[in-house]
Amino acid sequence: MAKRTFKKKSPDLPPLDPLPARVDPCLATLVAKPPKGPDWAYEVKWDGYRIAVHIEAGRVRILTRGGYDWTERFPTIADDARRLAVKTAIIDGEAVVLDDQGRSDFGMLQRALGRMPSAVEAGAIVFYAFDLLYLDGRDLRGLPLRERRRLLEPLVAGREGAVRLSEEVQADGDEFFRVACEHGLEGIIAKHVEKPYRSGRGEWWQKITCKRRNSFVIIGFEPSTVPSHLGRLLLAARKGDELVYVGGCGTGWSHDLSRELRRLLEGMVTKAPAVSLRRKGAVFVEPLLVAEVEYRAWTDDGKLRHASFKGIHELEEGSEVYDLSANLA
């Protein structure tokens, strides 16, 4: 009788698994300083939209962090993903638009995707891949990050198209953070290379920002002294199931964008404010939009200090809005 031979399974890969329809993303926890030690690797903190690219049999799907299918909004990313040498995959990363100095610019990304006229085209959006969750029939989430990166890098490294690799840096965290801030970047991400992929927010991914940046619900505006322009956005944070006024911002937009924002908000005016607030000259709007705001600190009475507008998007289920209960407790 002929001797039977059995193909040895790779000890490095988990068994075959069906492709998940969606994976809740791993989220970084905001910390004051980079962690130290050989088990930590660092990346640039991209200033864009977190998306997952699902490469499936005969199609590509691009899902937002909240699970919405935005494939049609990222046609160049979808087209480039089809060219990757994989049968099936889920790639985690960030969709960004780069400025003329190679820095990601959230405002430019918003204009490329939004309803307002813009010189930035959707084709300018690129996808920086930083994690691989599934590959050709195998769920990789149980593997340590270093192994997931080892499998990701051959797929996307060196590419110049719409899908690119988010480079991992082995360096002193404090020094990398200093250099990132000097170059005008938003900050850095630190990731523990021995940890598996875990959905939700945890200590295994940490973000260190050069300036504070969060999302706030737009509850109204103050008109500018310049006719048809925006003077100041009125903003609110979450506190449990309620919205709480946290001040506003009056900088960060161009002359043209000021006019477009004013026109957009005037289509949402309401007589029933989302918060209890009396402010002379204020125009209240339905809480349907979220502003990305960069600021230096909080005042003693719970207002944003030196706030600057960075972008705007619709309030959707799963949208991350600053939560006072979680952050100022």
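Which residue does a disulfide join to cysteine 181? In this predicted model, the partner is cysteine 210, with the two sulfur atoms 2.0 Å apart. Residues are numbered from 1 along each chain as its sequence is written, and side-chain values use heavy atoms, with hydrogens and water left out. Because the model is predicted, local features need pLDDT of at least 70 and side-chain atom pairs count only at pLDDT 80 or more, whereas totals for chains, interfaces and linings use all residues.

A disulfide is a covalent bond between the sulfur atoms of two cysteines. The bond ties together distant parts of the chain: cysteine 181 lies in helix H4, while cysteine 210 sits in the loop between strand E10 (200-209) and strand E11 (212-223), 29 residues apart. Helices (H or I, at least four residues) and strands (E, at least two) are DSSP runs, numbered from the N terminus.

How open are these cysteines to their surroundings? A residue is called buried under 20% relative accessible area, exposed over 50%, and partly exposed in between (1.4 Å probe, protein chains only). Cysteine 181 is partly exposed at 28% relative accessibility, and cysteine 210 is also partly exposed, at 27%. Cysteine 26, by contrast, is buried at 0% relative accessibility. Cysteine 249 is buried too, with a relative accessible area of 1%.

A salt bridge is counted when a side-chain nitrogen of Lys or Arg is within 4 Å of a carboxyl oxygen of Asp or Glu, and the structure holds 30 of them. One of these pairs lysine 36 with aspartate 172, the closest N and O atoms being 3.8 Å apart. The two partners come from distant parts of the chain, 136 residues apart: lysine 36 is in the loop between strand E1 (26-30) and strand E2 (40-44), and aspartate 172 is in the loop between strand E8 (163-165) and helix H4 (173-182). Lysine 36 is exposed, with a relative accessible area of 56%, whereas aspartate 172 is partly exposed at 43%.

Is the pair formed by aspartate 131 and arginine 148 buried or exposed? Both residues are buried, and their closest N and O atoms are 2.7 Å apart in a salt bridge. This pair, too, links distant parts of the chain, with aspartate 131 in strand E6 (residues 126-135) and arginine 148 in helix H3 (residues 145-156), 17 residues apart. A further salt bridge joins arginine 83 to aspartate 80, with 3.7 Å between the closest N and O atoms. Here arginine 83 is exposed at 61% relative accessible area, while aspartate 80 is buried at 8%. Salt bridges also link Glu43, Arg149, Glu153, Glu168 and Lys191 in a network.

Finally, alanine 85 is found in the loop between helix H1 (75-81) and strand E5 (89-96). Alanine 85 is exposed, at 72% relative accessibility. The C-alpha atoms of alanine 85 and histidine 183 are separated by 34 Å, the two residues being 98 residues apart along the chain.

How values were computed. Disulfide = S-S within 2.5 Å.
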